[in-house]
Amino acid sequence: MKELTRAINDHLASEFQASHTYLAMSIWLREKDLAGFSTYMLNKSTEERGHASRMIAYLVDSDEEVELPTVQAPERGWPSVNTLFDVVYDLEKGVTASINRLYSLAEQVGERSATAMLDWFVAEQLQEEAEARFVRKRLRLAGDNSAALLLLDQQFLEGTALSYVKGNGVGAGGGGGA
């Protein structure tokens, strides 16, 4: 269990770093008057801290030691909204890879409570990647058209931008997109 505990503590850095980076992205987007994207990224930041809290609760409930990581200062600017969401997608892919390593390790050491806890994360990461992929595709369709960017921003502000991904189970089945 000690190796798994160390790995979970190491993974906390990924969750907290993503949260910190998403907060910086939210600020940058707000500074660009893209309130919908900004709100979305602020919610993503909060979500990532919630993910870390789930893992911390698992460690505490398992009577294991929690080691809070040092978080690096994130970038404070991006060349474009497209580039920003490319970074989001890459971050989510990294978190998914880390979760997969944790799951494999939990299976190797026969820690069923850890695999049960990680099942939720596997499904969550599938959804997270599907959302990031969807947004990237939409932004690529918008291209340099500022009206299209503002329309997408408005959809995020209204909470309708990802209804297709969430409502049709694209994350669960991996199918269809924009």
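Which helices each supply at least two residues of the lining of the largest pocket? I looked this up first, and found that helix 2 and helix 6 (163-167) each do so; helices here are DSSP runs (H or I, at least four residues), numbered from the N terminus.

**Entry 1: the model**

I note that this is a predicted model, in which local features need pLDDT of at least 70, side-chain atom pairs count only at pLDDT 80 or more, and totals for chains, interfaces and linings use all residues. Residues are numbered from 1 along each chain as its sequence is written, and side-chain values use heavy atoms, with hydrogens and water left out.

**Entry 2: the largest pocket**

The largest pocket has a volume of about 200 Å³, and its lining includes Tyr40, Lys44, Glu47, Glu131 and Phe156. Helix 2 gives the largest share of this lining, five residues. By class I read four nonpolar, four polar and four charged residues, where Asp, Glu, Lys and Arg count as charged, Ala, Val, Leu, Ile, Met, Phe, Trp, Tyr, Cys and Pro as nonpolar, and the others as polar.

**Entry 3: salt bridges**

I counted a salt bridge wherever a side-chain nitrogen of Lys or Arg is within 4 Å of a carboxyl oxygen of Asp or Glu, and this rule gives nine of them. In one, Arg76 and Glu31 meet at 3.0 Å, N to O. Because Arg76 lies in the loop between helix 2 (35-61) and helix 3 (81-108) and Glu31 in helix 1 (residues 2-31), this pair ties together parts that are 45 residues apart in sequence.

I then looked at Asp86, whose salt bridge with Arg136 has its closest N and O atoms 2.8 Å apart. Arg136 lies in helix 4 (residues 112-142) and Asp86 in helix 3, so the pair joins parts 50 residues apart in sequence. Arg140 also forms a salt bridge with Asp86, at 2.9 Å between the closest N and O atoms, and this pair links helix 4 to helix 3 across 54 residues.

Is Arg136 buried or exposed? I found that Arg136 counts as buried at 19% relative accessibility, since buried means under 20%, exposed over 50% and partly exposed in between (1.4 Å probe, protein chains only). Asp86, at 22%, is partly exposed, and Arg140 is partly exposed at 45%.

Terms used
On a 1 Å grid over the protein atoms alone, a cavity is a set of points where a 1.4 Å probe fits but cannot get out, and a pocket is an open set with protein on both sides within 12 Å along at least five of seven lines; lining residues have an atom within 4 Å of a point. Grid points are joined across faces, edges and corners, and a volume is the space filled by probe spheres set on the points.
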